[in-house]
Amino acid sequence: MAHVMPHPLAAPLIFWQGRVERTLSGMDLQLTDEQQMVQKVAAEFAKNEVLPKAAEVDRLHRHPKELVARLAELGFMGIAIPEEYGGAGLDTISYVLVMEELSRACASVGVITSVNNSLVCDPLFKFGTEEQKRKWLTPLASGKLLGCFALSEPEAGSDAAAQKTIAKPSGDGFVINGVKNWITNGPVADVCILFTMANPPGREAGHKAITAFILPMDTAGVRTGPPDKKLGIRGSQSCQIFLDEVRLGREHLLGEVGITRSAPRSFGLAGRGGDRVGHEGTLQDEPEPVMVWLNCACTGSCSRPCCSRRRWCR
């Protein structure tokens with residue numbers, strides 16, 4: 001029988017008072033002094049200011065704007081963005097630690113923070129022009145503005161090339177029409193990272209037509225639906241965004257027309273990373289290991305879960 005080497009990430013995880021230790025041969029994963037300080041500040045803020053309001057925020061489906069303002073004061077709305085663009089200038093590990101502590105106290109606050117950091121500030125920093133970084137990234141990373149990320153549609157999600165929102169050239173800009181669904185921070189956002197299909201080249205070109213824009217939410221023709229009614233994490237509001245003859249100049253392009261398939265995927269991976277860390281933080285105070293079932297999106301024709309699998313979260 002062939003010898004199978006264990007995956008390095010299968011090493012034991014030990015959760016203790018909000019800290020994560022991983023034992024890996026030949027690697028030093030101890031937190032630096034700066035990372036420990038960031039974790040301590042986040043933990044104290046979460047315990048003293050976020051946790052006391054968590055139940056009320058969820059019960060009332062309320063966007064906790066006063067907590068978002070405090071997050072901005074602490075530098076947590078642009079954690080890994082350089083200070084020259086309004087961020088805290090910290091590293092990704094610090095971002096992970098902050099997300100764990102916030103989500104441990106209130107998942108809604110964790111999601112709001114994650115979206116602004118990973119799905120708005122991160123793509124602006126990686127793909128934006130210098131002018132766009134000064135105009136949009138700086139106020140977003142400093143918390144003066146709040147961002148959202150609009151890719152999903154009624155009939156499109158992970159497959160960005162399946163979206164039906166169209167951006168057509170018009171004069172020195174574009175005219176955009178379409179509908180976006182389940183947009184986190186949508187009801188309260190100031191700025192949106194918006195994905196469309198440029199025409200030309202048109203939807204027939206697949207991923208070669210995917211085009212992203214920086215959309216101010218007060219632009220004429222932009223309308224938000226009522227906040228979605230959710231079963232949980234209700235302080236993190238989401239909604240539909242309707243785009244009716246929305247006109248944007250070329251200066252609002254994020255990257256080029258027809259960005260590669262990897263760009264929206266890289267945006268999504270950053271967001272998924274924040275989500276995963278948030279879930280880990282939420283589970284840390286559970287007294288017993290929590291079993292999570294991951295089921296396929298069944299059409300209803302199956303008599304049993306057809307691709308269920310389970311994993312231990314602790």
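User: Hi! Which residues have the most contacts inside the largest nonpolar core?

Analyst: Hello! Those are Leu124, Leu137, Leu140, Ile193, Phe195 and Ile214, in a core of 25 residues. Keep in mind that this is a predicted model.

User: Let's pick Leu137. What does it touch?

Analyst: Leaving out residues up to four places away in sequence, Leu137 touches Ile81, Tyr85, Cys121, Leu124, Phe125 and Gln132.

User: What other core lies apart from the largest one?

Analyst: There is another core of 23 residues, which includes Ile79, Tyr95, Leu102 and Ile112.

User: Back to E6, then. Why is it largely enclosed by the rest of the structure?

Analyst: Because eight of its eight residues are buried. In a regular strand, side chains alternate between the two faces of the sheet. In E6 both faces are covered. One side carries Val191, Ile193, Phe195 and Met197, the other has Cys192, Leu194, Thr196 and Ala198, and all of these are buried.

User: Nice. How many bridges link E6 to E3, and is the pairing parallel or antiparallel?

Analyst: E3 (residues 147-150) pairs with E6 over four bridges, in the parallel sense. Within that pairing, Phe149 stands opposite Ile193. Ile193 is also one of the residues with the most contacts inside the largest core.

User: What about E4 and E6?

Analyst: Strand E4 (residues 166-170) runs parallel to E6, and two bridges join them. Ala167 has Ala198 of E6 as its bridge partner.

User: And E7, parallel or antiparallel to E6?

Analyst: Antiparallel, with seven bridges between E6 and E7. For example, Val191 is opposite Pro216 of E7.

User: Zooming out, how many helices and strands does the protein chain have?

Analyst: The protein chain has six helices and 12 strands.

User: What share of the chain is buried?

Analyst: Buried residues are 43% of the 314 residues. As for the surface, the chain exposes about 17,000 Å², and carbon and sulfur atoms supply 54% of that.

User: Last one: what percentage of contacts comes from residues 24 or more positions apart?

Analyst: Among contacts with a separation of 6 or more in the protein chain, such residues account for 67%.

Note on methods
Residues are numbered from 1 along each chain as its sequence is written. This is a predicted model: local features need pLDDT of at least 70, side-chain atom pairs count only at pLDDT 80 or more; totals for chains, interfaces and linings use all residues. Side-chain values use heavy atoms; hydrogens and water are left out. Buried means under 20% relative accessible area, exposed over 50%, partly exposed in between (1.4 Å probe, protein chains only). Contact means heavy atoms within 4.5 Å. Accessible areas come from the Shrake-Rupley method with a 1.4 Å probe; for residues, only the protein chains shown count as cover. A nonpolar core is a set of buried Ala, Val, Leu, Ile, Met, Phe, Trp, Tyr and Cys residues joined through side-chain atoms within 4.5 Å. Two strands pair if DSSP finds at least two bridges between them.
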